[in-house]
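Subject: Structure handover

Dear colleague,

Please find the structure below, followed by notes on what was found in it.

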Amino acid sequence: MEWITAENVIAVGTALIGVLVTLAVVWIDRFSPQRKRLAYRVQLNTPLHREGTDQDGEIQTVRAGDMSGVSGVSSPADGSTLVLLRIENHGDLDIETEAYGHAIDPNGLRVTFGTYTDPPDGENVDVQGVVATIPPGQGHIRTALEGGGQADDPKLRFERNMVVVPKVPLARGQYFKLLVQLSRPVTDGNIKIIGGLTNGDPQRNRSTTFDDKQPRFSSTVRSVTIVLATCVVALAAIIVREQTPPPIGCATGTLTVTGSTAFAPALRDIEKAYEKDCEGSDVIVDVHGSTAGIRKLAEIGAKTSKGTPAVVALSDGRKPGGYPELRENMVAASLFTLVLNDGIPLDDLSLDEVRRIYQGEITNWKQLVPGLDRPVLLVSRDANSGTRQVFQRRVLDRNEPANSSQNCQTLDDHRAKVIRCELDSTEQVLTTVAKLPGAIGYSELRASEGRKGMHKVAVDGRLAVVEELGESSYPYREIEYAYTWGVPPAGSLTASFLTYLSRGGGQDVIRTHGHLPCATPKGLRICGDA
């Protein structure tokens, strides 16, 4: 199943998490009884002493809201402690009196302050008084604390070390406070509330200040927001990330690619890309010229008794005649250019001037640049070169003159009209032209760019420009062909690499090297006219 990739699994999983979290929140919000929650917090726990009180020894209090209680707060004795408790609806739903019903105390809540032993052992904490404080406008809380107006209903009261609180209905976010005076200090950890709702005891929460407002969003909403935001970011990262399309039909094994040295830079990058995309493949680029590559393929093919050898030969232009077993595949349209040493101040030569130079009619540059006495040095490729074959066929319309120099500087054949040498590769040609004053040569277009000591030369005012292929009359251009011995079997490494080269990911590499893939709309027209 081709869709099962790491990226797709992560994307689908992330989307499912987002959907499931949303459904879970809806279910919890609408159906879960756990959303009715009582909570409490200790907002004050401080000892009282007579020192520092008013003249009558009474504690002074400032009260906001309605007050009710079984007993007022008494005058403090040494060791007395004041504790302020806040009891609140901490859930998302209203709490009615019917929601109470804990097995320990079905009548409401019990607030305990430490443990109590009977008979007293001197360590017991006794409640000396309690006052309930209710915010304004919430009279139903006062009514509930006072017993609902009925004599037999439970009311707010205290006994020994506990305060007994009746059932108090609380809307979401409502609260009341209990100010309790104790006979001795007690730690916050020993203040507990038992009883409460049918789903358990009230939970202790925390507040950094008195009477903190309810947060704008509940913790559940915040958690869901974080989860969904994470899912969205993960999906965006997967979608935005640049995806390289997988090659068409990867295969394993070893393949040799030979032929054109002009196309070699693109071949080496395609080799790396294919081996990265197709693990288990080993592509070897071993180029020595188009004609040499065709001959090597033919020799290996003739020795192969069965099947097709794992060899592909690249050629600048169509193969020579006499190899009927070879099958051709158009790969790209390529441009070539004349290059000239920087010591010759010419940027343009007419087609006629180029032909006269290579026919030996122009032997010194002073014939084109008056005052410049510099012999012409022809730096050419050997007979195996496809670049040379294209130059002879497309530009000269004849063969180059014979080789007359071994070092490209001195004339070894005194019968020759011009100094001409032959080199094995495009790189050697470019290096020699840049080094020798008066030298002229040719190469594949992209290989000549960025070189010091030499420059490209236009022909009849036309430079080699990839974007003008098919629209310009520039003559030095050719189709790059890939040859195999017969038709390679489907699923073989040879067939897979050819597909990658001509129609797959290799097209992007070919473009970066200044060639026009034949599989593009423009390339189809140009290659089809070849």
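Are C518 and C527 buried or exposed? Both C518 and C527 are buried, where buried means under 20% relative accessible area, exposed over 50%, and partly exposed in between (1.4 Å probe, protein chains only).

On the source: this is a predicted model, in which local features need pLDDT of at least 70 and side-chain atom pairs count only at pLDDT 80 or more, while totals for chains, interfaces and linings use all residues. Residues are numbered from 1 along each chain as its sequence is written, and side-chain values use heavy atoms, with hydrogens and water left out.

Disulfides

The structure holds 3 disulfides, a disulfide being a pair of cysteine sulfur atoms within 2.5 Å. With bonded cysteines counted along the chain, the pattern is 1-2, 3-4, 5-6.

C250 and C278 form a disulfide with their sulfur atoms 1.9 Å apart. The torsion about the S-S bond of C250 and C278 is about -65°, so this disulfide is left-handed. The pair links distant parts of the chain, 28 residues apart: C250 is in the loop between α3 (219-240) and β11 (253-259), and C278 is in the loop between α4 (264-277) and β12 (281-285). Helices (H or I, at least four residues) and strands (E, at least two) are DSSP runs, numbered from the N terminus. C250 is partly exposed, at 43% relative accessible area, whereas C278 is buried, at 1%.

C408 is joined to C421 by a disulfide with an S to S distance of 1.8 Å. The torsion about the S-S bond of C408 and C421 is about 100°, so the disulfide is right-handed. This pair, too, links distant parts of the chain, with C408 in the loop between α7 and β17 (419-423) and C421 in strand β17, 13 residues apart. Both C408 and C421 are buried.

In the disulfide of C518 and C527, the sulfur atoms are 2.0 Å apart. The torsion about the S-S bond of C518 and C527 is about -75°, so that disulfide is left-handed.

Helix α7

Of the 11 residues of helix α7 (residues 386-396), 8 are buried, so the helix is largely enclosed by the rest of the structure. The buried residues are G386, T387, R388, V390, F391, Q392, V395 and L396. At the start of α7, a side-chain oxygen of S385 comes to within 3.1 Å of the backbone nitrogen of T387. After α7 comes D397, which has a positive phi, near 60°.

Positive phi in loops

R160 is a residue other than glycine with a positive phi, near 50°. R160 sits in the loop between β6 (157-159) and β7 (162-166), and with 44% relative accessibility R160 counts as partly exposed. D460, also not a glycine, has a positive phi of about 55°. D460 lies in the loop between β19 (454-459) and β20 (477-485).

Surface patch

V12, L16, V19, L20 and L23 form a nonpolar patch on the surface, with about 470 Å² of accessible area together. Patches are made of residues with over 30% relative accessible area and no salt bridge, with like charges joined within 9 Å and nonpolar side chains (Val, Leu, Ile, Met, Phe, Trp, Tyr) within 5 Å. A salt bridge is a side-chain nitrogen of Lys or Arg within 4 Å of a carboxyl oxygen of Asp or Glu. Accessible areas come from the Shrake-Rupley method with a 1.4 Å probe; for residues, only the protein chains shown count as cover. L20 belongs to helix α1 (residues 6-31) and is exposed, with a relative accessible area of 55%.

Regards

Key: A polar contact is a pair of N or O atoms within 3.5 Å; within protein, one must be able to donate a hydrogen and the other to accept it, and residues adjacent in sequence count only if both atoms are side-chain atoms.
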